[in-house]
Amino acid sequence: MVFLYKTAKVYATFLKLLGYERGIRSFIDRLVLDCPKGSRILDIGCGSGIVGLRLMERLPGSTLLATDLEKNFLKETLSNARERNIDERRITVGLSDVSDPEQVTLLNGSSLVLQDHSFDIVAVGGVLGYSRDQVATMKALMRLIKPGGYLVDLEMNEQPIGKIISTWYNCRPVPSSIMIRTIENEGNNVTVIPFGVRDFPANLTRVGIVARMGLRKVRNVFGKSPIDMQASQN
Ligand SMILES: C[S@@+](CC[C@H](N)C(=O)[O-])C[C@H]1O[C@@H](n2cnc3c(N)ncnc32)[C@H](O)[C@@H]1O
């Protein structure tokens with residue numbers, strides 16, 4: 001296991017002190033997401049929950065299933081939610097490997113098999129690089145999303161600092177070109193949204209890959225996708 005993952009509390013505190021968590025939150029706040037009230041969010045490899053919890057705060061009435069390979073991170077996500085006054089009844093946590101995202105073991109030991117097309121948003125941040133087969137995993141993630149729902153991947157970027165940190169974390173990030181091809185081949189719309197200086201220091205290591213399921217036709221008719229338009233307005 002990566003050194004910083006050994007103690008979830010140390011990892012979470014480190015991200016807060018560096019301003020990294022603030023940077024991730026600032027990026028998420030600029031995403032224009034057309035989601036229904038009561039949306040279901042899945043955050044895989046949730047770590048301290050910074051991606052899933054911020055999406056929840058943005059979407060009233062939403063619920064979150066946060067999963068990770070490490071139990072201590074699930075507890076940290078719940079602790080982070082309490083700090084942010086998010087009602088814990090809106091959150092479920094469970095153990096899961098990103099390579100088999102539909103298989104979840106809840107903390108009480110019971111198993112959950114996630115159904116296809118059952119989430120409005122599937123979020124992954126800096127975790128696809130730990131999957132056994134990145135393309136197969138991406139396809140499995142997309143199957144879990146409802147038509148019109150989103151894949152929000154805050155992926156490790158291909159810049160020098162991103163590459164160094166990925167190596168340090170023993171993570172093999174997915175090149176954006178492979179992500180785009182895999183998402184589009186499945187008939188979905190995708191936009192690469194770079195992190196900006198206002199998201200510092202997260203801009204040094206992350207890139208946003210945001211895909212909307214089943215909207216390829218819109219790109220053909222208007223030339224630009226809804227996500228492209230939203231990204232350029234921000
Ligand atoms: C770099 S952290 C990212 C945390 C959070 N998603 C974020 O964006 O800041 C990677 C997380 O992935 C988890 N992880 C590592 N390998 C995993 C796997 N095979 N399946 C699921 N989670 C994994 C780690 O325990 C850690 O919480």
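His117 is placed in the loop that joins β5 (111-113) to β6 (119-125), where helices (H or I, at least four residues) and strands (E, at least two) are DSSP runs numbered from the N terminus. The structure is a predicted model, in which local features need pLDDT of at least 70 and side-chain atom pairs count only at pLDDT 80 or more, while totals for chains, interfaces and linings use all residues. Residues are numbered from 1 along each chain as its sequence is written. The phi angle of His117 is near 50°, a positive value in a residue other than glycine. His117 counts as exposed because it has 12 C-beta neighbours inside 10 Å; by the definition applied, a residue is buried if 20 or more other C-beta atoms lie within 10 Å of its own, exposed if 12 or fewer, and partly exposed in between, with C-beta atoms placed from the backbone.

A positive phi, near 60°, is also found at Asn170, a residue other than glycine, which lies in the loop between α6 (160-168) and α7 (176-185). Asn170 is exposed, since 12 other C-beta atoms lie within 10 Å. The loop between α6 and α7 also holds Cys171, which counts as partly exposed because it has 16 C-beta neighbours inside 10 Å. Leaving aside neighbours within four places in sequence, Cys171 is in contact with Gly126, Gly129, Tyr130, Met156 and Ser166, contact requiring that the C-beta atoms of two residues, placed from the backbone, lie within 7 Å. The C-alpha atoms of Cys171 and Val127 are separated by 7.6 Å, although these residues are 44 residues apart along the chain.

The strands β5 and β6 belong to an open sheet of nine strands with mixed pairing, in the order β5-β4-β3-β2-β1-β6-β7-β9-β8, two strands being paired if DSSP finds at least two bridges between them. The edge strands of this sheet are β5 and β8, each of which pairs on one side only. Neighbouring strands are turned by 25° against each other on average, direction ignored, where axes are lines fitted to C-alpha atoms, for helices over the stretch in contact, and angles run from 0 to 180 degrees between N-to-C directions. Three bridges join β4 and β5 in the antiparallel sense, and Leu112 in β5 is the bridge partner of Val104. In the loop between β4 (103-106) and β5 lies Ser110, which counts as exposed because it has 9 C-beta neighbours inside 10 Å. Helix α4 (residues 71-83) lies across β2 (63-68) and β3 (91-95), and runs at about 165° to β3. In the loop between β8 (189-194) and β9 (206-212) is Pro201, and the peptide bond from Phe200 to Pro201 is cis, with omega near 0°.

The largest nonpolar core has 54 residues, of which Val122 and Ala123 touch the most other members; such a core is a set of buried Ala, Val, Leu, Ile, Met, Phe, Trp, Tyr and Cys residues joined through C-beta atoms within 7 Å. Not counting residues up to four places away in sequence, Val122 touches Leu42, Ile44, Leu141, Leu144, Ile145 and Leu151.

Around the ligand there are 18 residues, of which Gly45, Gly47, Gly125, Gly126 and Tyr130 come nearest, a residue being near a molecule if its C-beta atom, placed from the backbone, lies within 6 Å of it.
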